[in-house]
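Student: I would like to learn how to read a structural model feature by feature. Could you take me through one, giving the general idea and then the case at hand?

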Amino acid sequence: MKKDNILRFTPNNSHNFLEILKRFSNKKIAVIGDLMLDKYVYGEVERISQEAPIPIIRVTDEKYAPGGAANVAANISTLGGDAFLFGIVGNDYYKDILLDKLYSLEISTDGILTNTKKNTVLKTRIIGLEQQLLRMDKENIEYIGDQFVEKLLTNLKDVDDLSAIIISDYAKGTITEDLLKGVKEFAQKNNITVIVDPKPKHYAWYKGVTLITPNRNESQKITGFNIENEDSIKKAGKKIQEDLNSNIIMTAGNIGMYVFEKGKEPIHIPAVAREVYDVTGAGDTVVAALALALSCGAGLSDAAVISNIAAGIKVGKVGTAPVHMEELQKSFE
Ligand SMILES: Nc1ncnc2c1ncn2[C@@H]1O[C@H](COP(=O)(O)OP(=O)(O)OP(=O)(O)O)[C@@H](O)[C@H]1O
Ligand SMILES: [Mg+2]
C-alpha cells in the first residue's frame, strides 16, 4: 500500500475542539431530505411455525426512532443546534409517530409536507435471538412533483439566519434536480454552507456544493474505481472532488475518514477505537456534526475530527440513535 501524500491527522490541542463545541448551541441548521421512521420490534423466538419454516416471535417490545433525514435532524438537536427539517410524509399513522418524536426532540417541523400519494417511509426491523431476523421497508420512491419542490423551497426560504443546509439524500424521491438547484441558488445568495450526504445516482446534481460525504461504497459506484486500499481511496476522492468542484469527506467505516479539501493534500483521520455495536446511522451523525462544526468556523479537518469522534460514539449505541453534546464533550476532555 502506497502511503505517500496522505497526511495522518495528529491531535494537537483538544482545548480548541472544546471551544468549537461550546459554540454549537443554537446554530440554525436546515436538513432537507428523505424522512423515515425506524421501527424496532423485539421478541423471543419460541418455536417454528407450522405454516412455513419460519420462527414465531413473541413480541416483547416495540420502539420507534426518526430515521434518514429525520435522524440527521435528531443529531443536530441533541448536539445542541436548532434543527429545521424539510421533507415529505404520507397521510398515515406513522406520520403522527414521526412528528411526535421530532416534536419531543424540539426539531422544527414547519417545513414538512404531507403528500397523500406517498406513505411515510417506514423501516421495520424484527429482532429476536439478539439479531435482526427480518427488515421490511415500506416506501414509495417516486420523485415528488413541482408543487412539492416549490413549497419545500418556500418553506426553506422562510427560515432566517441559517448557517448550514444539509441535503440527506436516500434516493426515496424527495431530492430532485430542481430542488437541489433551488437550494444551491438560495445558499449561494445567502452565503450558507451546503453539505450533501449523497446517493450515487444523483451524483451530477451535487456539483458546486460546499461539501459531500460519500462512504466507500458510494465512492466506488460514483467513480467506477475498485476501492481496496489507500491509493484507490485517494484517487477516487480526488476524482470526485475535481468532478464536482466540492470538498469531499469520504467515510470509510472502521478505518475512519479521508478529507479531500480543495487545493490541499488528503488527510486520513483514523476511526476512534471502541466497542462497535451497530453502525446504522453513523453517516447521519457525521453530517450533523460537520454542519455544526463548520457553522462555528471550524476548518474542514477540525470539523472532520469532531464528526469522526461523534460517529465513534454512535457506533457504540444500538439502533438508530443520536449523539448528545455531553457525550461528545466528554470524549474531548
Ligand atoms: N466499525 C467502526 N468502528 C469505528 N468507527 C466506525 C465504524 N463504522 C463507522 N464508524 C465511524 O462512522 C463513520 C461513518 O461510517 P460509514 O463510513 O460506515 O458511513 P455510512 O456507510 O454512510 O453509514 P450509514 O449510511 O450506515 O449511516 C466513519 O467515518 C467512522 O468515523
Ligand atoms: Mg450513509
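This is a predicted model: local features need pLDDT of at least 70, side-chain atom pairs count only at pLDDT 80 or more; totals for chains, interfaces and linings use all residues.

Student: Start with the fold as a whole. How many helices and strands does the protein chain have?

Tutor: A count of secondary structure elements is a plain first step. Here the protein chain has 10 helices and 14 strands.

Student: What radius of gyration would a compact globule of 333 residues have, and what does the protein chain have?

Tutor: The idea is to set the value for the chain against a rule based on chain length. For 333 residues the rule gives a radius near 20 Å for a compact globule, and the protein chain has 20 Å, so the two agree. Along the principal axes, the C-alpha atoms fill a box of roughly 60 × 45 × 40 Å.

Student: What share of the residues is buried?

Tutor: Burial is judged by counting neighbouring C-beta atoms, and 20 or more within 10 Å make a residue buried. By that test, 45% of the 333 residues are buried.

Student: How should I read the nonpolar core?

Tutor: In soluble globular proteins, nonpolar side chains tend to be buried together. In this model the largest nonpolar core has 95 residues, and V31, A73, L85, I165, I166 and A291 have the most contacts inside it. Helix α8 supplies the largest share of this core, 10 residues.

Student: Take A291 from that list. Which residues is A291 in contact with, beyond its neighbours within four places in sequence?

Tutor: A291 is in contact with I29, I76, A164, I166 and I195. One of these, I166, is itself among the core residues with the most contacts.

Student: Now the ligand. Which residues are closest to ligand 1?

Tutor: A shell is read by listing its members and then asking which elements they come from. Ligand 1 is surrounded by 20 residues, and the closest are T251, N254, A282, G283 and A311. Two elements, α8 (282–295) and α9 (300–314), each give two or more residues to this shell. The most come from α8, with 4 residues.

Student: What is the make-up of that shell by class?

Tutor: The shell around ligand 1 has 9 nonpolar, 10 polar and 1 charged residues.

Student: How do I check the length of a helix such as α9?

Tutor: Compare the expected span with the distance between the end C-alpha atoms. At 1.5 Å a residue, the 15 residues of α9 should span 21 Å, and the end C-alpha atoms are 21 Å apart, which agrees.

Student: Is α9 enclosed or open, and why?

Tutor: Because 13 of its 15 residues are buried, α9 is largely enclosed by the rest of the structure.

Student: Are E106 and L129 buried or exposed?

Tutor: E106 counts as exposed because there are 10 C-beta neighbours inside 10 Å. L129 has 11 such neighbours, so L129 also counts as exposed.

Student: What about N115, which also lies in a loop?

Tutor: N115 sits between β6 and β7. With 20 C-beta neighbours inside 10 Å, N115 counts as buried. N115 is in contact with I88, G90, I144 and F148, leaving aside neighbours within four places in sequence. I144 is 29 residues away in sequence, with a C-alpha to C-alpha distance of 8.7 Å.

Key:
Residues are numbered from 1 along each chain as its sequence is written. Chains are lettered from A and ligands numbered from 1 in the order in which they are written. A residue is near a molecule or strand if its C-beta atom, placed from the backbone, lies within 6 Å of it. Ala, Val, Leu, Ile, Met, Phe, Trp, Tyr, Cys and Pro count as nonpolar, Asp, Glu, Lys and Arg as charged, and the others, Gly among them, as polar. The expected span of a helix is 1.5 Å times one less than its number of residues. A residue is buried if 20 or more other C-beta atoms lie within 10 Å of its own, exposed if 12 or fewer, and partly exposed in between; C-beta atoms are placed from the backbone. The radius of gyration is taken over C-alpha atoms; the globule rule is 2.2 Å times the number of residues to the power 0.38. A nonpolar core is a set of buried Ala, Val, Leu, Ile, Met, Phe, Trp, Tyr and Cys residues joined through C-beta atoms within 7 Å. Two residues are in contact if their C-beta atoms, placed from the backbone, lie within 7 Å.
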